[in-house]
Structures are given as C-alpha cells and as structure tokens.
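I opened this entry to look up a few side-chain features.

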Amino acid sequence: MYQIGYLLPEVDEYVINSAKTNLNQVQHLNGTFLTHFKGSLSKSGSKRMAKNMLMVSSIILGSTVVGELLIFAQVPLVNVVLVYMLGIMLCAINLKDQVYGFLSAFLAVISFNLFFTKPYFSLSSSPVYLLTFFLMLLVSIISNYWTLKLKHQVQYNSNRVYQTEVLLETIRKLQQAKLSTDIIDTTVQQLQKIYSATMVFYECQDSKLLQPKIYLLNQSQSSFYEFSSDNEKAIATWAFKNGQEAGLTTNTLPQAKCLYLPIFGNSPSSVVAVIGLAINSKRSLEIFDRNLIISILDECGQALSRMRILNEKRKAEIKSHQEKLRANLLRGISHDLRTPLKIFLVVQIY
C-alpha cells in the first residue's frame with residue numbers, strides 16, 4: 001500500500017479503517033466519572049488511580065488523627081469539622097479530578113460519624129447530627145469544586161502565558177533567520193521544547209518534497225533509516241499533496257512512525273513543507289501542546305514564504321544587474337569598434 005502511494009504519487013489513495021475505538025482520541029472531560037473510568041483502564045491509569053486513592057485515604061486519616069487530638073485536648077467538636085474541611089481542600093489542591101473531591105467529602109462525613117458521634121464506631125447516629133452531616137457534605141463539595149476551578153484557572157492562565165512567551169520567542173528568532181535552514185532549525189528547536197520527540201522535516205521545492213532532515217532525540221543512529229524509509233516519504237507526500245494530517249494517531253495510514261503535519265504558507269492552499277512528529281505512545285499529544293505546535297508551524301510557513309519571496313527578488317535583481325552589465329559591455333565594445341572604423345574611413349578618403 002505504501003509502495004503504491006510512493007511510486008504513483010499522482011494517484012489519489014484513500015484508506016478506510018474499521019470502526020475501532022481509539023482511547024487516545026477520546027476527548028478529555030475533566031470532572032466526569034466516564035473519563036476517570038476510561039483513564040483507569042490502562043496500566044498507568046490503574047497505578048495513578050491507586051496513588052490518588054491512597055492520598056485521599058491518607059489525608060482523611062490524618063484529619064481524623066488531628067481531630068482525636070483536639071477532642072483529647074477538650075477542643076469543641078466544631079473544630080473537628082473544620083479540620084476535615086481543611087483535609088478536603090488539600091485533596092482538591094493535590095488532585096485534579098472532581099471524583100476524588102466527592103470521595104474525600106464522603107469519607108470525611110463517614111469518618112466524622114464513626115469516630116466523633118455517639119455511638120462511636122457505628123454509622124447510626126443521633127438525628128441531631130443529620131443536619132450537621134448534610135451541611136458538612138454540601139460545604140465540602142462546594143469548597144472542593146471552587147478550589148479545583150481556581151486551580152484549573154491558574155493552570156490555564158499559566159499555559160496561556162507560556163504559549164505567548166514561546167510564540168514571541170519563535171517569532172523573534174524566525175525574523176532573525178538569514179537562511180531557510182536557519183528557519184527550519186529554529187522551528188524544530190522550539191517544537192522540541194514543547195514536545196520532546198524525534199522530528200522529520202521535509203522542505204518543498206518545485207512542488208516536490210526534498211530529502212528529509214531528521215532531528216533524532218535519544219535514539220540510535222539506526223532509527224535514522226526508519227524515519228527516512230520509502231514508506232514514511234510516501235505518507236509525507238500524501239500529507240503534502242492533500243494538505244491534511246496523516247500518519248500516526250490519524251485515520252490515514254496510522255501505521256506510520258510519525259504524525260505528519262502540513263505547513264502552509266501565505267495561503268491555506270499552499271503547502272511549503274511537511275513535518276513529522278514521532279509521538280511517544282506513553283505521552284499523547286495534548287490539545288494545548290497541539291494548538292501551540294500548529295501556531296509555531298504557521299509562523300514557520302510564513303517565514304519560509306517570506307524567504308522564498310526574498311530569494312526570488314534577489315535572483316531577479318541579480319539577473320537585472322547581469323542584463324545591465326551585458327548591455328554596458330556591448331555598448332562599450334560597439335563604441336570601441338566604431339572609433340577605429342571611423343579613422344580608417346577618413347584615411348581612405350584622404
């Protein structure tokens with residue numbers, strides 16, 4: 001299949017995959033039980049879930065121990081409720097998922113009922129505490145929700161600041177580039193700051209892709225030939241001609257080593273280059289990283305287009321200068337030939 005696409009680039013090729021669900025393509029929905037369940041299906045997700053459960057249990061257990069010490073010191077019972085509230089907020093600060101906030105609030109109410117209301121070590125309690133339990137659970141959930149929301153807002157703002165800094169740095173470096181190779185090297189360096197991976201860059205010339213430039217990252221030299229194989233070139237050519245993503249994590253030739261992204265120039269229909277990202281299976285490309293990568297590639301495309309225009313202008317200037325030199329040379333030669341010819345004619349007359 002790959003060989004056909006490479007040997008017959010003028011033939012459009014379409015691959016239809018079976019309807020298989022790819023968990024990496026499921027959108028991340030924070031604060032839902034569905035996402036938490038899907039994330040826990042993998043081995044790493046199970047370890048993360050166990051670690052988070054251990055942290056919640058440890059914080060609630062620590063709050064219970066502190067509450068027992070306060071009761072031993074004859075501190076009013078209302079202070080124990082505040083200790084549990086503090087523990088719930090600690091869970092919200094250290095964990096990102098809303099599920100663990102609900103869990104910590106529920107465990108706090110159960111622990112308060114078991115250890116601090118009569119009869120002790122029993123879930124049965126006096127009706128007097130029912131309102132206390134309800135308010136404690138309600139306030140815990142609300143405080144956990146707003147703590148997580150503020151935390152996400154801070155993370156979002158910091159990501160925006162980081163994105164702006166990287167883009168400004170990229171624009172500044174691209175403006176200082178003197179050659180197209182400098183633009184390519186700068187683009188790959190900036191991209192590897194965002195996502196550490198091997199990258200393959202195909203520059204376009206005369207509506208064809210040139211030989212790839214491979215930027216290996218923590219891989220042996222033998223991997224060089226894997227990323228520059230005919231199959232990979234065929235997929236990059238497909239992305240170039242169709243102006244669409246192809247390769248790894250996509251529905252078009254997903255068996256590739258890299259995710260190939262077209263780089264557009266001054267217009268959305270002009271593809272000036274193609275870049276391949278060897279995405280690590282252990283770290284998927286998040287939405288924030290993806291948007292930042294696309295923004296940098298747009299700046300790279302604009303810079304390559306400007307460089308092409310400058311090169312064409314320089315060639316035109318050189319050609320014009322050569323034409324002027326040729327005209328001046330011919331004018332000088334003709335003048336030199338006319339002068340002795342006039343002298344010869346005058347001598348012949350006299």
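My notes follow, topic by topic.

**Model.** I am working from a predicted model.

**Cysteines.** I looked for disulfides first. A disulfide is a covalent bond between the sulfur atoms of two cysteines. I found zero disulfides in the structure. C204 has a relative accessible area of 6%. C300 has a relative accessibility of 0%. Buried means under 20%, so I logged C204 as buried and C300 as buried.

**Serine 305.** Where does S305 lie? I placed S305 in helix α10, which spans residues 287-349. Is S305 buried or exposed? I logged S305 as buried, at 7% relative accessibility. I also listed its contacts, setting aside neighbours within four places in sequence. S305 touches G265, N266 and V272.

**Aromatic pairs.** How many aromatic pairs does a search of the whole structure find? I got four. I took one of them, Y84 with F112, for a closer look. Their ring centres are 6.4 Å apart, and the planes stand at 90 degrees. Planes over 60 degrees apart count as edge-to-face, so I noted the Y84 and F112 pair as edge-to-face. The pair links distant parts of the chain, with its members 28 residues apart. Y84 sits in helix α4 (residues 78-94), and F112 sits in helix α5 (residues 98-116).

**Burial of the pair.** I checked both rings' residues. Y84 is buried at 0% relative accessibility. F112 is buried too, with a relative accessible area of 1%.

**Cluster.** Which residues form one aromatic cluster? I wrote down Y84, F112 and F116.

Conventions. Residues are numbered from 1 along each chain as its sequence is written. This is a predicted model: local features need pLDDT of at least 70, side-chain atom pairs count only at pLDDT 80 or more; totals for chains, interfaces and linings use all residues. Side-chain values use heavy atoms; hydrogens and water are left out. A disulfide is a pair of cysteine sulfur atoms within 2.5 Å. Buried means under 20% relative accessible area, exposed over 50%, partly exposed in between (1.4 Å probe, protein chains only). Helices (H or I, at least four residues) and strands (E, at least two) are DSSP runs, numbered from the N terminus. Contact means heavy atoms within 4.5 Å. Rings of Phe, Tyr and Trp (its six-membered ring) pair if their centres lie within 6.5 Å; planes under 30 degrees apart count as stacked, over 60 as edge-to-face and the rest as tilted.
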